[in-house]
Amino acid sequence: MPKAGSALRLDGDGKPIWVLLELTYQCPLQCVFCSNPVDFDRYRENELSTEEWKRVIRDARQMGAMQIGFSGGEPTLRKDLEELVGEANDLGYYTNLITSGIGLTARRLAALKEAGLKHIQLGFQSSDRATANMLAGVESFDRKLAIAKEIKAHGFPMVLNVPISRHNIAQVPDIIELASELGVEYLELANVQYYNWALLNRDRLLPTREELEWAEAEVNKARARLGDSLTIFFVIPDYYEGRPKACMNGWGSIHLTIAPDGAALPCSQARTIDTLEFPNVREHSLEWLWRESPTFQKFRGNEWMKEPCRSCDEREQDFGGCRCQALLLTGDAANADPACSKSPHHHLIQQAIVQSEIPKKHEDSLIARQGGHHPGRNVT
């Protein structure tokens with residue numbers, strides 16, 4: 001299998017060329033692999049206003065940002081989504097909506113098209129109704145399938161994004177066939193990355209190496225058969241590779257996330273690093289946040305690196321891996337990403353693989369995303 005980190009190298013020349021606006025953490029789904037904060041519900045009452053979001057959009061464009069994503073949670077829960085898309089379009093952004101599809105209708109798709117939305121990424125759980133509904137925590141398969149057809153009927157280029165886990169990896173050929181039938185341009189089979197809710201469920205989600213190799217072989221067969229009619233991305237988990245992914249092309253390099261409450265983040269998972277204070281667009285200019293704030297400076301470059309990263313000849317390729325994963329698994333965000341075989345903490349990854357292969361009792365069920373500070377409802 002190829003290395004988990006993308007081989008593509010981008011140089012933003014010091015600019016945040018890709019901006020992600022997480023408009024809300026609220027979502028009608030309860031996905032067991034959700035990447036939103038486990039305590040997301042406490043941000044509900046402090047979301048940025050329409051005018052505050054517009055100021056962020058303008059300021060990021062002035063700094064050189066070229067592509068903007070509207071995400072969440074579920075961004076269609078914001079009634080001002082069309083207005084924000086229109087603002088971004090007028091400023092010359094390439095606009096992208098990242099959605100579960102649940103809040104979309106034919107009328108709303110037409111309004112988003114008129115506002116200037118260029119692209120939609122639709123989250124999908126499986127080609128199988130029962131599996132999809134189980135992973136989503138609610139019955140959503142039929143609604144998602146219908147809205148996928150509506151998206152294509154309105155002429156949007158579309159990525160069908162399917163998080164892959166042990167529960168749907170055997171369905172990869174069927175998922176590819178579904179994407180082909182829908183006429184989507186891109187299919188992203190993104191193996192679940194283990195943060196937040198996904199980390200809580202890791203033992204029940206992580207596929208085996210054999211399953212991954214089989215799925216990758218099926219993807220390659222489909223690529224040969226379908227040619228240019230469907231581009232398939234197969235994003236593997238870094239647990240099996242011995243080297244970490246080149247996370248976000250490096251901390252604070254090209255990517256800027258703004259959380260629902262206005263916190264500026266180098267990536268959407270950065271809030272898991274609770275030793276950092278994340279500056280807020282309500283208190284500082286975006287220019288200062290990006291260029292001068294201690295948080296964005298913290299892991300830029302390689303001066304922060306400990307051994308073995310500091311002397312590693314691959315540090316300019318993988319940037320020491322993911323800071324959030326290092327924190328979550330080792331307790332120190334400055335440690336080498338334990339996904340790396342050179343890390344003194346690599347045994348934690350190996351133990352997780354072993355633990356995931358232990359047969360689970362029926363009552364060992366998945367923890368579904370829901371509101372509040374404590375995960376509660378289980379789904380089998």
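Helices (H or I, at least four residues) and strands (E, at least two) are DSSP runs, numbered from the N terminus. By that count, the chain has 14 helices and 11 strands. This is a predicted model: local features need pLDDT of at least 70, side-chain atom pairs count only at pLDDT 80 or more, and totals for chains, interfaces and linings use all residues. Residues are numbered from 1 along each chain as its sequence is written, and side-chain values use heavy atoms, with hydrogens and water left out.

**Overall picture**
- Of the chain's 380 residues, 57% count as buried. Buried means under 20% relative accessible area, exposed over 50%, and partly exposed in between (1.4 Å probe, protein chains only).
- Take the contacts (heavy atoms within 4.5 Å) between residues at least 6 apart in sequence: 73% of them join residues at least 24 apart.
- The chain exposes about 15,900 Å², and carbon and sulfur atoms supply 49% of that area. Accessible areas come from the Shrake-Rupley method with a 1.4 Å probe; for residues, only the protein chains shown count as cover.

**Nonpolar cores**
- A nonpolar core is a set of buried Ala, Val, Leu, Ile, Met, Phe, Trp, Tyr and Cys residues joined through side-chain atoms within 4.5 Å.
- The largest such core has 83 residues. Leu21, Phe70, Leu160, Ile176, Leu187, Leu189 and Ile258 touch the most other members.
- Helix H6 (residues 172-182) gives the most to this core, with six residues.
- Domain 1 (18-236) and domain 2 (301-359) each supply at least three residues to this core. The domain bounds come from an automatic or database domain assignment.
- Leucine 21 is in contact with Trp53, Val56, Ile57, Ile68, Gly69, Phe70, Ser71 and Ile258, leaving aside neighbours within four places in sequence.
- A second, separate core has 22 residues, including Cys247, Met305, Ala333 and Ala334.

**Annotated cysteines**
- An unreviewed UniProt entry lists Cys27, Cys31 and Cys34 under "binding site". UniProt positions are given in the numbering used here, feature names are shortened, and annotations may be inferred rather than shown by experiment.
- Cysteine 31 is found in the loop between strand S1 (18-22) and helix H1 (50-62). Cysteine 31 counts as buried because its relative accessibility is 10%.

- Helix H4 (residues 129-136) has six of its eight residues buried, so H4 is largely enclosed by the rest of the structure. Those buried residues are Thr131, Ala132, Asn133, Met134, Leu135 and Ala136.
- In helix H14 (residues 346-356), the buried residues are His346, Ile349, Ala352, Ile353 and Ser356. They span an arc of only 120° around the axis, so they lie on the same side of H14. The arc is that of the directions from the helix axis to the C-beta atoms.
- Helix H8 (202-205) and helix H13 (323-330) are among what covers the buried residues of H14.

**Backbone details in loops**
- A cis peptide bond joins glycine 72 and glycine 73, with omega about 10°. Glycine 73 sits in the loop between strand S2 (67-71) and helix H2 (81-90).
- Glutamate 307 and proline 308 are also joined by a cis peptide bond, with omega near 5°. Proline 308 lies in the loop between helix H11 (294-297) and helix H12 (315-318).
- Asparagine 249 is not a glycine, yet has a positive phi of about 60°. Its loop runs between strand S7 (231-235) and strand S8 (255-258). At 11% relative accessibility, asparagine 249 counts as buried.
- Phenylalanine 319, not a glycine either, has a positive phi of about 55°. Phenylalanine 319 is buried, with a relative accessible area of 16%.
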